[in-house]
Amino acid sequence: MANAGDILPPATGRSGVRKLSSIVATRDDLAKAPVVVTPPKHLMVPSEAHETAIAIELARRNVQNDLGSISDTPPSTPPFTQVTDAYAFAFDIDGVLIRGGKPIPEAVEAMKVLNGQNEYGVKIPYIFVTNGGGKTEQERCLDLSRQLEIEVSPGQFICGHTPMREMAERYGTVLVVGGEGEKCRHVAEGYGFRDVVTPGDIIKDNKDTTPFRKLTDDEDKNSRARNFNDIEIEAIFVFADSRDWAGDQQIILDLMMSKNGRLGTRSKTFDEGPPVFFSHNDVVWSTGHELTRIGMGALRASLEAMFKAVTGKEIKTIAYGKPQIGTFQFATRLLQQWRNDTHGIDAPPETVYFVGDTPESDIRGTNEFDTSSENTWYSILVRTGVYKHGTIPKFEPKTTVDNVLDAVHHGMKREFAKALRNKTGLVGTIEESAIHE
């Protein structure tokens with residue numbers, strides 16, 4: 001019987017990739033990349049999703065390690081593969097694949113279709129791009145493998161705070177806000193930030209910082225004892241949704257109005273505080289509740305409004321995630337590296353179908369990036385999350401469908417029609433009839 005951590009040769013013949021059971025693997029197990037997470041039934045025999053999972057995992061390592069340019073010399077003869085290189089899918093998670101911690105029924109079938117169970121006999125590569133924060137890419141991978149019972153790798157996940165990794169060398173002491181317990185601290189430290197402070201550390205040092213919030217016994221135990229009299233906090237990162245708006249806003253506001261990020265001080269000009277970064281700007285998001293719930297974008301708007309109310313000055317914070325262009329640029333680099341590794345083509349897939357549920361982030365970001373990208377980014381809006389049928393989205397998608405399975409079928413039919421038109425030389429309504437079928 002294979003155990004978590006066993007090294008098993010993948011179907012593609014690449015060695016050294018560890019296959020971990022989704023049931024017993026932990027975040028720490030996944031830290032030793034490259035890895036693929038799989039349901040126990042596929043530990044010995046790779047699933048249809050294995051080839052895509054392992055190839056994108058290895059491509060991600062190449063991108064993050066900056067192994068030369070993306071045009072590293074590919075194998076002279078790329079291995080035979082059923083996976084098309086012409087197009088790919090990128091999926092939001094909450095409201096598209098998962099809702100309230102449970103899989104949306106059509107999501108399981110959609111993964112099967114992508115992995116070869118379709119009338120065209122092809123497999124389509126895919127990645128996951130989520131604004132959800134507070135968890136590492138490894139934890140997201142474990143969650144989704146368990147929820148959808150699929151083989152998947154951490155390399156396929158891009159979180160809203162993924163680009164923040166690149167700022168670890170720029171800042172020394174940073175405040176990290178949001179999420180449950182110490183998870184965001186662990187994410188930041190995993191990204192390479194050297195000195196990570198949490199609101200709990202600050203309250204532990206001075207309990208009067210937040211008059212109406214007292215640390216629980218567990219919070220007090222996990223918070224680190226520090227003397228903040230001599231510490232300058234150089235930047236603030238909101239990695240995940242706040243679990244205590246009042247306390248977190250008080251601490252962030254104190255630092256925004258401070259002199260050089262030193263707690264207990266006040267700047268005379270209110271322009272000497274540390275910069276504030278948010279991992280995304282979604283004002284609302286989809287949960288198990290029948291109505292949308294407020295998210296990190298609402299916290300950002302509240303902080304900016306409070307700063308102006310108290311100081312009379314405007315403050316500009318910075319947001320990552322969708323719809324910010326950096327997230328889409330990173331996704332493009334990843335898919336280009338994957339295509340170069342597997343097919344010997346130094347260019348991203350010609351079309352990336354982005355499937356999302358939030359017009360203000362998913363659709364807006366896709367559409368705006370499409371205007372400047374070298375390949376086509378095609379936006380598909382689903383009705384299983386934030387967007388509700390019968391309303392007019394503020395940002396118009398290329399098409400709107402009921403669920404993620406319909407989105408996958410739409411993209412595949414569109415690509416088949418394009419291929420047929422190119423082979424036959426026909427013009428006219430082939431593509432249009434296919435995509436409106």
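1. Basis of the note. In this predicted model, local features need pLDDT of at least 70 and side-chain atom pairs count only at pLDDT 80 or more, while totals for chains, interfaces and linings use all residues. Residues are numbered from 1 along each chain as its sequence is written, and side-chain values use heavy atoms, with hydrogens and water left out.

2. The six-stranded sheet. Helices (H or I, at least four residues) and strands (E, at least two) are DSSP runs, numbered from the N terminus. Six strands form an open sheet in the order S7-S6-S3-S15-S16-S17, with parallel pairing; two strands pair if DSSP finds at least two bridges between them. Strand S7 (157–159) and strand S17 (399–401) stand at the edges with a single partner strand each, so one side of each is left without a neighbour in the sheet. On average, neighbouring strands of this sheet are turned by 25 degrees against each other, direction ignored. The axes behind such angles are lines fitted to C-alpha atoms, for helices over the stretch in contact, and angles run from 0 to 180 degrees between N-to-C directions.

3. Strand S6 (residues 126–130) runs parallel to S7 and is joined to it by three bridges. Thr-130 has Cys-159 in S7 as its bridge partner.

4. Strand S1. Strand S1 (residues 18–21) is covered on both faces: Arg-18 and Leu-20 on one side, and Lys-19 and Ser-21 on the other, are all buried. Buried means under 20% relative accessible area, exposed over 50%, and partly exposed in between (1.4 Å probe, protein chains only). S1 pairs with strand S2 (residues 35–38) in the parallel sense over four bridges, and Ser-21 stands opposite Thr-38 in S2.

5. Helix H10. The 19 residues of helix H10 (residues 325–343) reach 26 Å from the first C-alpha to the last, close to the expected 27 Å. The expected span is 1.5 Å times one less than the number of residues. Because 15 of its 19 residues are buried, H10 is largely enclosed by the rest of the structure. Gly-344, which follows H10, has a positive phi near 70 degrees.

6. Most residues other than glycine have a negative phi. Glu-149 is not a glycine, yet its phi is positive, about 55 degrees. Glu-149 is in the loop between H4 and S7 and counts as exposed at 52% relative accessibility. Asn-260 also has a positive phi, near 60 degrees. Asn-260 is in the loop between helix H8 (245–256) and strand S11 (276–278), and counts as partly exposed at 39% relative accessibility.

7. Ala-168. This residue is in the loop between S7 and strand S8 (173–177). Ala-168 is buried, with a relative accessible area of 3%. Ala-168 and Arg-194 are 26 residues apart in sequence and 7.4 Å apart in space, C-alpha to C-alpha.

8. The second largest pocket. A pocket is an open set of points on a 1 Å grid over the protein atoms alone, where a 1.4 Å probe fits, with protein on both sides within 12 Å along at least five of seven lines; lining residues have an atom within 4 Å of a point. The second largest pocket is lined by 21 residues, of which Leu-30, Ala-31, Glu-137, Gln-138 and Arg-165 lie nearest its centre. Helix H1 (27–30), helix H2 (50–64), helix H4 (137–148) and helix H5 (183–191) are the elements that give two or more residues to this lining.
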